[in-house]
Amino acid sequence: MTRKGTSSSRESATLQARELSKTFGFGDTAVCAVDQVSLDVHSGELVLIKGPSGSGKTTLLSMLGGLLRPDHGEVLVEGQPIAGLAETALADLRAQRIGFIFQAYNLLSALSVEDNILFPARLVGAPLGAARQRARELMERLQLTHRRRSRPAKLSGGERQRVAVARALVNDPPLILADEPTGNLDSYRGQEVAMLLHEIAREDGRAVVIVTHDPRIEDIADHVLWLEDGRLRDRREEAHEWARDPVCNMQVDRWTATERSAFAGKEYVFCSASCRELFSREPQHYLQQDQTPQPGLNQEGV
Ligand code: ADP
Ligand code: MG
């Protein structure tokens, strides 16, 4: 993956985004959700976009998948700019070339597992015999065969997300976009889905983009990008960014810290859950103490 496209990466990347921006609202209430984000994702790559709640992850993913039009910038899927496409052509491109996976699974409750998986194939008018065959292969691969006639309500969270993964794959798209795919799953099931997404990138040669704040997925990603206030930063470029825990003053790696809390529009990181809890009870108290700059640290504590 490259942040800035060269002419060769423009030709080969499955997904390219150039200077994407999106602002919601106007005037005083305007929120710049995504601010000049560029990225390339090639086939076989799994790119993880992390960031705290409200940092613009869903907005960015929606623009990458042609579900939301950017105010500025462009998205190219397999080299094709999507901005100029009419609504129907864009819908076709989404259905045929992009598989979406959402945190809430978004399965149709009235349909069986098999019919949920087949749904995108019907949408694009794929020959039904071949689509059924593919759905069966996917159910086999994702250990869902015994569930093929069940309705989603009868399934566990992990099974529902596997159905959503199979549905995303049924039209064999080169690009998979997943929004918090493990957000509703326990640790074991979350790991399982993460490994599955890894396999979908590596073994199938698809380009996979996952947005999440789940630290468990980090190990399997080729690239981890950090979205903060709508802006993207490559973790490799800032691998050792230290922040100060405002409670105990310990230095904490801003990228790997799992204990986080937002206060007054800023995100703080903590060495442990107990420090975060203390901070949550009385943030002003710790922020007042935090005024004195420390040697080697700037005013921001980083
Ligand atoms: P994330 O997925 O990282 O939690 P979002 O992309 O959902 O972040 O939101 C980024 C920012 O844009 C937030 O401040 C959010 O309130 C705002 N936002 C998102 N969608 C809309 C919308 N449809 N209308 C107005 N503001 C929005
Ligand atoms: Mg979101």
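I take buried to mean under 20% relative accessible area, with exposed over 50% and partly exposed in between. Since the model is predicted, I treat each value below as computed from that model.

I then looked up the geometry of F263 and F279, and found an edge-to-face aromatic pair with 6.3 Å from centre to centre and 90° between the planes. The pair joins distant parts of the chain, because F263 sits in strand β13 (residues 259–263) while F279 belongs to helix α8 (residues 273–281), 16 residues apart. I also noted that F263 and F279 belong to one aromatic cluster together with Y268 and F270.

The structure holds 4 aromatic pairs, and I checked another of them. The ring centres of F100 and F102 are 6.1 Å apart and their planes meet at 5°, so I record this pair as stacked. F100 is buried, at 16% relative accessibility, whereas F102, with a relative accessible area of 28%, is partly exposed.

I next asked how much space lies in the second largest pocket, and the computed value is about 440 Å³. Its lining has 20 residues, and those closest to the centre are R94, A95, F100, P120 and L123. Two or more lining residues come from each of α3 (87–97), β6 (98–102), α4 (113–123) and α6 (157–169). By residue class, I recorded 13 nonpolar, 4 polar and 3 charged residues in the lining.

I listed the residues around ligand 1, and they are F24, V31, A33, P52, S53, G54, S55, G56, K57, T58 and T59. I then looked up individual distances to oxygen atoms of the ligand. A polar backbone atom of G54 is 2.7 Å from an oxygen atom of ligand 1, and for a polar side-chain atom of K57 the distance to a ligand oxygen is 2.9 Å. For T59, an N or O atom in the side chain lies 2.5 Å from an oxygen atom of ligand 1.

Both K57 and T59 are among the buried residues of α2, along with L60, L61, S62, M63 and L64. Helix α2 (residues 57–64) is mostly covered, with 7 of its 8 residues buried. After α2 comes G66, and I noted that its phi is positive, near 70°.

Which loop holds P70? I found P70 in the loop between α2 and β4 (72–77), and at 27% relative accessibility P70 counts as partly exposed. Its C-alpha atom is separated by 5.3 Å from that of K22, although P70 and K22 are 48 residues apart along the chain.

Is R206 buried or exposed? R206 lies in the loop between α7 (187–202) and β8 (207–212), and at 6% relative accessibility R206 counts as buried. I looked for a polar partner and found the side chain of D172, which makes a polar contact of 2.8 Å with the side chain of R206.

Note on methods:
Residues numbered from 1 in each chain as written. Chains lettered and ligands numbered in written order. Predicted model: local features only at pLDDT ≥ 70, side-chain atom pairs only at ≥ 80, totals over all residues. Heavy atoms only, no water. 1 Å grid on protein atoms, 1.4 Å probe; cavity = no way out; pocket = protein on both sides within 12 Å on 5 of 7 lines; lining within 4 Å. Points joined across faces, edges and corners; volume = space filled by probe spheres on them. Helix = DSSP H or I, 4+ residues; strand = E, 2+ residues; numbered from the N terminus. Nonpolar A, V, L, I, M, F, W, Y, C, P; charged D, E, K, R; others polar. Phe/Tyr/Trp six-rings, centres within 6.5 Å; stacked < 30°, edge-to-face > 60°. Buried < 20%, exposed > 50% of the residue type's maximum accessible area, 1.4 Å probe, protein only. Near = heavy atom within 4 Å. Polar contact = N/O pair within 3.5 Å; in protein donor to acceptor, adjacent residues only side chain to side chain.
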